[in-house]
Amino acid sequence: QSQPVESGGGSVHSGGSLRLSCKTSRFTLNYYAIGWFRQAPGKQREGFSCLSSKDDSTMYADSVTGRFTISRDNDKNTVYLELNNLKPDDTATYYCAIDRQAARSGCALSLMEYNYWGRGTEVTVSS
């Protein structure tokens, strides 16, 4: 498939953890920056984490810094997002997306930089 596929969402209590996965058979993910985005009900989609292809640099929004970790397993062609110390405000549909250009330096949290989007996985955090 051309679109990446997210998995690993679920329902947890505050303080809980989840691990999301992003896979695709079309792209070799270590050639592209990967971004994670989320969209809460009634809100715009926002980028909060990304991982570059060239130097494995990462970027996080302030809202998730210290709680979420992005990583990549090249052997499995999978990008992961570890979500720790989850809060009710983290409730959203989580999407991964693939950079519109291969092998760029760094990564960005802007939706405009990504071409291929998954359908999302739901994360619900209850208090």
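Cys22 and Cys96 are both buried, a word used here for residues with under 20% relative accessible area, while exposed means over 50% and partly exposed lies in between (1.4 Å probe, protein chains only). A disulfide joins these two residues, the term standing for a pair of cysteine sulfur atoms within 2.5 Å. Before going on, please note that this is a predicted model, in which local features need pLDDT of at least 70 and side-chain atom pairs count only at pLDDT 80 or more, whereas totals for chains, interfaces and linings use all residues. Residues are numbered from 1 along each chain as its sequence is written, and side-chain values use heavy atoms, with hydrogens and water left out.

## The disulfides

How many disulfides does a search of the whole structure find? The search finds two, and the table sets them out.

| Pair | S to S | About the S-S bond | Hand |
|---|---|---|---|
| Cys22 and Cys96 | 2.1 Å | 75 degrees | right-handed |
| Cys50 and Cys107 | 2.1 Å | 70 degrees | right-handed |

Let us take the link of Cys22 and Cys96, which is right-handed. Cys22 lies in strand S3 (residues 18–23) and Cys96 in strand S9, so the pair ties together parts that are 74 residues apart in sequence. Strands here are DSSP runs (E, at least two residues), as helices are (H or I, at least four residues), and both are numbered from the N terminus.

Now for the other pair: a disulfide joins Cys50 to Cys107. This pair links distant parts of the chain, with Cys50 in strand S5 (residues 46–51) and Cys107 in the loop between S9 and S10, 57 residues apart. Cys50 counts as buried because its relative accessibility is 0%. Cys107 is buried too, with a relative accessible area of 16%. If you number the bonded cysteines of the chain in sequence order, the pairing reads 1-3, 2-4.

## Strand S9 and its partners

Strand S9 covers residues 92–99 and is mostly covered, with eight of its eight residues buried. Which strands does S9 pair with? Two strands pair if DSSP finds at least two bridges between them. Strand S4 (residues 34–39) runs antiparallel to S9, and six bridges join them; here Arg38 has Tyr94 of S9 as its bridge partner. Strand S11 (residues 121–126) also pairs with S9 in the antiparallel sense, over three bridges, and Thr93 finds its bridge partner in Glu122 of S11. Strand S10 (residues 114–117) is another antiparallel partner, joined to S9 by three bridges, with Asp99 opposite Tyr114 of S10.

Next comes strand S7 (residues 68–73), whose covered face holds Phe68, Ile70 and Arg72, while Thr69, Ser71 and Asp73 make up the uncovered one. S7 is joined by six bridges to strand S8 (residues 78–83), and the two run antiparallel. Ile70, from the covered face of S7, has Leu81 of S8 as its bridge partner. In this hairpin, four residues sit between the strands, and Asn77 takes a positive phi near 50 degrees.

## A contact in a loop

Finally, look at Thr24, which sits in the loop between S3 and S4. Is Thr24 buried or exposed? Thr24 is buried, with a relative accessible area of 6%. The Thr24 side chain reaches the backbone nitrogen of Arg26 at 3.2 Å.

Key
Polar contact = N/O pair within 3.5 Å; in protein donor to acceptor, adjacent residues only side chain to side chain.
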